Amino acid sequence: MQLQLTWVGHSGLRIEHNGFVMVIDPGLLSAADAADGADALLISHEHLDHYDTTKIASAIAARPGLPIWTNKSVAALLDQSGAGAGADVHVIGDGDAFEVGGITVQAHGEWHAPIHPDIPRVRNTGFMIDNRIFHPGDALTDPGTRIELLLVPLHGFYTRSGPLVDYIRHLKPGQVAPIHDATLNAIGQGGVDAFLAENPPPGPGTGAPYSRPQAGTPIDF
């Protein structure tokens, strides 16, 4: 199956197939139009850089009955805030699978990566798309299957570059692309990109080809 992927900033990803548009994590740091025209939304967790109620409500207004797949914590927030009014919210958890727009999706993982012992962990759901593309949300989850394209979160309160190298080495994906780096400037992005390159130096090497997508530019995959 050929998909068209468009990185829409931070952890936001648009996936298109035969005119159907799926959007993952339209948060505050993604593009203003990240969820425009969405036929389905997937939301990994409740942090605002992944979950923007304004974008979500706008997408629902444009498509009443918009299906949303997410974990029970986000589903509860959508209900309590009213942002999910008019949507068809599906609650999923680790191991669940569904199909939408001809695209298969499996849910992996339960919890956000630890930030600090004093900060409670929130639920986090990673998404395996078409048995090929893995968007982990904010966790270094192992989906237990072959990955053609791994989306790696580069920069957050929970990340360190060394464990990201080990994560990529462990999963052995066909290729790697960065996400979750809106708070890095171009110098910071370039530095982490170099560190996570397939072969050393300056990093230790991951063994997987690494390339940064251009925001807003579709890629056939």
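In which sense do strand 10 and strand 11 pair, and over how many bridges? Select residues 133-135 (strand 10) and 149-153 (strand 11): they pair in the parallel sense over 2 bridges. Here strands (E, at least two residues) and helices (H or I, at least four) are DSSP runs numbered from the N terminus, and two strands pair if DSSP finds at least two bridges between them.

A note before going on: this is a predicted model, where local features need pLDDT of at least 70, side-chain atom pairs count only at pLDDT 80 or more, and totals for chains, interfaces and linings use all residues. Residues are numbered from 1 along each chain as its sequence is written, and side-chain values use heavy atoms, with hydrogens and water left out.

Now pick Phe-134, and you will find it opposite Leu-150 in strand 11.

Next, show the whole sheet: 6 strands form an open, mixed sheet in the order 7-8-9-10-11-12. Its edge strands, each pairing on one side only, are strand 7 (97-100) and strand 12 (175-179).

Then zoom out. The chain holds 4 helices and 13 strands, and its C-alpha trace spans about 50 × 45 × 35 Å along the principal axes.

Finally, select Leu-48, in the loop between strand 4 (40-43) and helix 1 (53-62).
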